[in-house]
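What follows is a short report for a reader new to this structure. Please have the sequence and the model in view while reading.

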Amino acid sequence: MKVESLNDTHIDILREIGNIGAGNATTALSKMLNKQVDMNVPEVKIMDFGEVASTLGGEETKVVGILLKLSGDIDGMMMFVLEFNAAKKLINILTGDQGKTSDLNDLEHSAMQEIGNILTGSYLTSLSSLTNLTIKPSVPNLTIDMAGAVLSVPAIEFGKVGDKVLFIETGFKEAENDVTGYYILIPDVPSFKILLESLGVTI
Amino acid sequence: MKTVSKVKIGMAELDIIKKEGILTTLGLGSCVGISLYDKIEKVAGMAHIMLPDSTKISHNENKAKFADTAVPLLILKMEKMGARKSNMIAKLAGGAQMFSFAEKDDTMQVGKRNVIASRKALKKEGIRIVAEDVEKNYGRTIELSAETGKLLVKSIGKEITEL
């Protein structure tokens, strides 16, 4: 199967998967920060390769990306991405620090990694109980770089099977400090079928 | 200062220009930017390849996506613009490993494999690689000038280098 062959019903269901996963993760984030965090309606983005890099505000935008590889009943990746300044604010809220350097120190680095771990963990746990599928995430890996470079990693995975990329993307916003970020679930192409079928949809 | 027109090359795309202007690729990660230049005719070409080998993949219609098919296509397009293969030189950038997982699996080594495949494809065509800024663990933006053949490489937190 190809990404292009998904119909509207399939897309709706993938959007709902994003809704439940991101909803759970956003609740976890809200508790962690002890602040209200709002979530956007999830988007199922089917893109050409050329569009991928600009999805997070431009190819050269400095972002923090946390990537986990997924295995078990489905294969793929999960990313938690936010602009560098937003990541910095998020860490500052948590640690009470006011650091404004252009890099993350060791403590900030591990704090960010832990935030990513908790949020993607809540996302995947709810996805797992919804679908009754076993999803094993790898240890999260953090990188700070240009959005285009970071997003090339999942894009290349799609490149192996076709010419379109599918992201289940959900944004959140913590209004008081204006922190926005995205959860991106990136199942590989055979895993779409498994995900949809686990919810009783034939494909 | 005169303004120079820039042509942006996205993932799995390639393009050529002649005499003036700049070819650019923003935020190269594990992909490789292959730059070719004929300094006599001042024809510049750039390909943004994502994967090493089209023969390993069933959906391989897009020739610009793979190192082995992008190189001959780029050369052909440049020749149609008046360039000669014997005048061409190559510069490579990209092929980074953006995430460093402990297990060295296939997915994470794709940057390195892209670099090796790009070198191989150029060697097959007899085109000399005069400069490289490849692998490592960071993203790169590149700009190739059709006027001079110079390739600028920009990365976050690093000095701009000229190849």
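From strand β8 of chain B, the residues B:R140, B:I142 and B:L144 point one way while B:T141, B:E143 and B:S145 point the other way, and all of them are buried, where buried means under 20% relative accessible area, exposed over 50% and partly exposed in between, with a 1.4 Å probe and protein chains only. β8(B) is accordingly described as mostly covered, with six of its six residues buried. Helices (H or I, at least four residues) and strands (E, at least two) are DSSP runs, numbered from the N terminus.

This is a predicted model, in which local features need pLDDT of at least 70 and side-chain atom pairs count only at pLDDT 80 or more, whereas totals for chains, interfaces and linings use all residues. Residues are numbered from 1 along each chain as its sequence is written, chains are lettered from A and ligands numbered from 1 in the order in which they are written, and side-chain values use heavy atoms, with hydrogens and water left out.

On one side, β8 (residues 140-145) pairs with strand β3 (residues 22-28) of chain B in the antiparallel sense over five bridges; two strands count as paired if DSSP finds at least two bridges between them. Within this pairing B:L23 has B:L144 as its bridge partner, and B:T25 stands opposite B:I142. Four bridges also join β8(B), again antiparallel, to strand β9 (residues 151-154) of chain B, where B:V153 is the bridge partner of B:I142. β8(B) and β9(B) form a hairpin with five residues between them, and B:G149 in the turn has a positive phi of about 80 degrees.

These strands belong to an open, mixed sheet of five, in the order β1-β3-β8-β9-β10 of chain B. Because β1 (6-8) and β10 (161-162) stand at the edges with a single partner strand each, one side of each is left without a neighbour in the sheet. B:E162 lies in β10 of chain B and, not counting residues up to four places away in sequence, touches B:K150, B:L151 and B:L152, a contact being heavy atoms within 4.5 Å.

A:T26 has its place in helix α1 (residues 8-33) of chain A and is buried, with a relative accessible area of 5%. Leaving aside its neighbours within four places in sequence, A:T26 is in contact with A:V37, A:M39, A:F172 and A:Y183.

The table sets out two spaces in the model.

| Space | Volume | Lining by class |
|---|---|---|
| Largest pocket | about 430 Å³ | seven nonpolar, eight polar and four charged residues |
| Second largest cavity | about 40 Å³ | three nonpolar, one polar and three charged residues |

On a 1 Å grid over the protein atoms alone, a cavity is a set of points where a 1.4 Å probe fits but cannot get out, and a pocket is an open set with protein on both sides within 12 Å along at least five of seven lines, while lining residues have an atom within 4 Å of a point. The largest pocket is lined by 19 residues, of which A:D103, A:T143, A:I144, A:D145 and B:N137 lie nearest its centre.

Note on methods: Points joined across faces, edges and corners; volume = space filled by probe spheres on them. Nonpolar A, V, L, I, M, F, W, Y, C, P; charged D, E, K, R; others polar.
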